[in-house]
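Me: I am new to this structure. Please show me how to read its features, one at a time.

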Amino acid sequence: MSIGDKIKKYRVLQKMTQKELAKKANISRSYLADVENGRYNPSIEVLTAIANALNIPVDELFKNSNENNKDGKIIQKINPKFKPIIDSLDRAGDLQDEDIDEIVKQLEFLINYRKSQKGKNS
C-alpha cells in the first residue's frame, strides 16, 4: 500500500473529507488529492503535518511501504537504526520551519563531512 493510499485510508476511517484534512494539515485540497493518488511524493514536513492532522504517528505512513508507487519509483522503508531519530522528531511535533531547516543543514554537513573523510582515506 502506498503512502497516499494509507493517508486516504486513515482519512476515510476518520470520516474526514479531503477538504477537512487539507485544512487541518495546512495544504491545498488539490495537493492532498494528488498525494493520495500517487502523483506527488510529499516532503517529510508535509507528511508530518498530515499525520498530525490524522492523529497518527508519522511512521505509520511508512510501515510496509517498501513497494513501487504509480510512477514506478521505490518508496523505501525507514531504516530501523534511524527510527529513534524519526520518533524524536515526531514527538517534537511543533518544530518550526527554521528548526527543520537547521536539521537539514546539520544532516547535509554530516553527509559532506563523511564524503570528505572517505576521499582522504582513498
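Reply: Start with packing. The buried residues of helix 3 pack against helix 1 (3-13), helix 2 (18-25) and helix 4 (44-54). Packing here rests on contact, meaning heavy atoms within 4.5 Å. Helices (H or I, at least four residues) are DSSP runs, numbered from the N terminus. Note that this is a predicted model: local features need pLDDT of at least 70, side-chain atom pairs count only at pLDDT 80 or more, and totals for chains, interfaces and linings use all residues. Residues are numbered from 1 along each chain as its sequence is written, and side-chain values use heavy atoms, with hydrogens and water left out.

Me: Which residues of helix 3 are buried?

Reply: Buried means under 20% relative accessible area, exposed over 50%, and partly exposed in between (1.4 Å probe, protein chains only). In helix 3 (residues 29-36), the buried ones are Leu32, Ala33, Asp34, Val35 and Glu36. Asp34 counts as buried because its relative accessibility is 17%.

Me: How many salt bridges does the structure hold?

Reply: Side chains of opposite charge can pair when their charged atoms come close. A salt bridge is a side-chain nitrogen of Lys or Arg within 4 Å of a carboxyl oxygen of Asp or Glu. The structure holds 2. In one, Arg11 pairs with Glu36, and the closest N and O atoms are 2.7 Å apart. That pair links distant parts of the chain: Arg11 sits in helix 1 and Glu36 in helix 3, 25 residues apart. Both Arg11 and Glu36 are buried. Arg39 forms a salt bridge with Asp34, again with closest N and O atoms 2.7 Å apart.

Me: Which residue takes a positive phi just after helix 3?

Reply: Most residues other than glycine have a negative phi. Just after helix 3, Gly38 has a positive phi of about 75°. Lys15 is not a glycine, yet its phi is positive, about 55°. Lys15 lies in the loop between helix 1 and helix 2. Asn55, also not a glycine, has a positive phi near 60°. Its place is the loop between helix 4 and helix 5 (83-92).

Me: Is Lys15 buried or exposed?

Reply: Lys15 counts as exposed because its relative accessibility is 72%. Asn55 is exposed too, with a relative accessible area of 65%.

Me: Which residues form the negative surface patch?

Reply: Patches are made of residues with over 30% relative accessible area and no salt bridge, and like charges are joined within 9 Å. Here Glu45, Glu98, Asp99, Asp101 and Glu102 form a negative one. Helix 6 (residues 97-121) gives the largest share, 4 residues. Asp101 lies in helix 6 and is partly exposed, at 44% relative accessibility.

How values were computed
Patch = residues over 30% accessible without salt bridge, like charges linked within 9 Å, V, L, I, M, F, W, Y side chains within 5 Å. Areas by Shrake-Rupley, 256 points an atom, 1.4 Å probe, with all protein chains shown as cover. Lys, Arg positive; Asp, Glu negative; His and termini not counted. Charge placed at Lys NZ, Arg CZ, Asp CG, Glu CD. Helix = DSSP H or I, 4+ residues; strand = E, 2+ residues; numbered from the N terminus.
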